[in-house]
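Take a look at the fold below.

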Amino acid sequence: MSSYRHDWYQYAKQVTITVYAPNVDPATVSADISGPTSQLVTISFADPRATAESDPANATFDRSFELFGPVSAAKINVTKRKVEVSFARESAAEWPALEVSEADQARQRAAAAARTYPTSAKKPSAFTTTASAAATASGAAPSAGAAAAPSDDGEEAGGNFEDFMKTIYAGATEEQKRAMLKSYTESGGTVLSTNWSEVSQGPVAPQPPEGTEPRQF
């Protein structure tokens with residue numbers, strides 16, 4: 001596959017990717033949107049610098065982008081010097097980059113999982129409420145395989161609590177990490193806070209779910 005320089009720009013609810021490939025046949029250009037979150041886009045066209053007969057391995061330009069946010073409705077514009085593909089964005093919020101980083105992908109997957117996060121608890125426990133707040137503050141949330149907080153009858157709702165902790169911790173700042181470690185340890189695992197200015201004031205008191213007793217580590 002031939003390599004061409006590309007650029008991008010955004011405004012309002014649209015993002016445009018420009019591939020600087022001259023003399024492209026407009027009839028061969030395609031732009032596909034795929035992935036569970038509609039963030040994976042692939043731009044393809046017949047490469048004018050190669051042919052299927054002379055260079056079959058590079059006869060087609062094919063470039064995929066894992067965009068920062070979901071898109072739809074691709075619009076293609078081809079000139080003598082470049083190929084432009086514009087996508088409608090779901091949000092008008094400014095993107096910091098064209099493509100999402102691995103850390104951002106993990107946070108987005110965790111946020112999606114949180115929207116359908118299962119729990120057998122009859123009502124929110126102190127731990128559930130505090131952990132959810134910590135996840136929001138750190139920019140993370142429980143991943144798809146993360147554990148639910150213990151339910152009122154003392155049973156786990158399922159999953160792996162270690163994965164849940166890792167997801168939150170990975171997206172936190174150094175100050176938030178200190179707050180998480182201090183609050184979780186001192187409270188016997190019943191409080192998870194990312195607010196260092198609050199946690200640093202003194203020992204963090206246990207806040208166990210109703211009907212349980214705090215543990216000391």
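How many bridges join E6 to strand E7? Six, and the two strands run antiparallel. Strand E7 covers residues 83-89. One of the bridges can be named: Val78 has Val83 in E7 as its bridge partner. Two strands count as paired if DSSP finds at least two bridges between them. Strands of a sheet pair through backbone hydrogen bonds, either parallel or antiparallel.

This is a predicted model, in which local features need pLDDT of at least 70, side-chain atom pairs count only at pLDDT 80 or more, and totals for chains, interfaces and linings use all residues. Residues are numbered from 1 along each chain as its sequence is written, and side-chain values use heavy atoms, without hydrogens and water.

Now the sheet. Its four strands follow the order E1-E2-E7-E6. The sheet is open, and its pairing is antiparallel. Strand E1 (6-11) and strand E6 (71-78) each have a single partner strand, so one side of each lacks a neighbour in the sheet. On average, neighbouring strands here are turned by 20 degrees against each other, direction ignored (axes are lines fitted to C-alpha atoms).

Next, the whole chain. It holds seven strands and five helices (DSSP runs numbered from the N terminus: E of at least two residues for strands, H or I of at least four for helices). From the N terminus, the order is β-β-β-β-β-β-β-α-α-α-α-α.

Of the 217 residues, 35% are buried (under 20% relative accessible area, 1.4 Å probe, protein chains only). Among contacts (heavy atoms within 4.5 Å) with a separation of 6 or more, 57% link residues 24 or more positions apart. The chain exposes about 12,200 Å², with 51% supplied by carbon and sulfur atoms (Shrake-Rupley method, 1.4 Å probe).

Terms used. Buried means under 20% relative accessible area, exposed over 50%, partly exposed in between (1.4 Å probe, protein chains only). Axes are lines fitted to C-alpha atoms, for helices over the stretch in contact, and angles run from 0 to 180 degrees between N-to-C directions.
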